[in-house]
Amino acid sequence: MTYYAIITAPMRERAVRMALKRAGTDVYMPAKVTKTRRRTGRQTRVVLPMIPRYLFVKAPEHPAAVSLWMHQVKSTRHVVRFVSVTGDGIASPIADWKLDKLRESVTIENATERARKANANVGLGKKARIKSGTGIGRVGEVTYLRGDWARLKAWLFGAEREIKVRAKDLEAA
């Protein structure tokens, strides 16, 4: 499996993504979901690309089909060009492991952002209370906070121990 990066027209990432998906191409857009409030008081979810104007498209397995596929992708409305790192205008493929790393880092960043928003008053070195789950009611110092997980240093069974809990189960003490 080989991926290529494409550049889209400004603010047209979602339109290009949908058009390519309808054409049967596998497309990846690193994105984060944010919530905004309208004047009416309702919350709406907005998907924002993390890398503006860039999408990653999966090339077909058969090498003979790649040139036709590239032409179809380039002729899609709002696609500017394929990314070339050599400067000669030839599209540069991206190794699968690099795209997997990107997906992993986007997942971690989104999880960290969710945990940060859920626990705005809970941070490293601050006192927190476990509000639900294992150890409910225990108070201690947050020693680790990343993604959906946190560690709390608290007294348990007569000794100070680290308790691993979900970040959403903590509140500021």
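Author: Contact means heavy atoms within 4.5 Å. Beyond its neighbours within four places in sequence, P49 is in contact with E13, M29, P30 and A31. This is a predicted model, where local features need pLDDT of at least 70, side-chain atom pairs count only at pLDDT 80 or more, and totals for chains, interfaces and linings use all residues. Residues are numbered from 1 along each chain as its sequence is written, and side-chain values use heavy atoms, with hydrogens and water left out.

Reader: Which strand does P49 lie in?

Author: Strands (E, at least two residues) and helices (H or I, at least four) are DSSP runs, numbered from the N terminus. P49 lies in strand 4, residues 43-49. P49 and R14 are 35 residues apart in sequence, yet 8.5 Å apart in space, C-alpha to C-alpha.

Reader: Is T25 buried or exposed?

Author: Buried means under 20% relative accessible area, exposed over 50%, and partly exposed in between (1.4 Å probe, protein chains only). T25 has a relative accessible area of 11%, so T25 is buried. T25 sits in the loop between helix 1 (13-22) and strand 2 (27-28).

Reader: Which residues touch the most other members of the largest nonpolar core?

Author: A nonpolar core is a set of buried Ala, Val, Leu, Ile, Met, Phe, Trp, Tyr and Cys residues joined through side-chain atoms within 4.5 Å. In the largest one, of 17 residues, they are Y4, I6, L20, V57, W69, M70 and F82. Helix 2 gives the most to this core, with 4 residues. A second, separate core has 12 residues, including V122 and L156.
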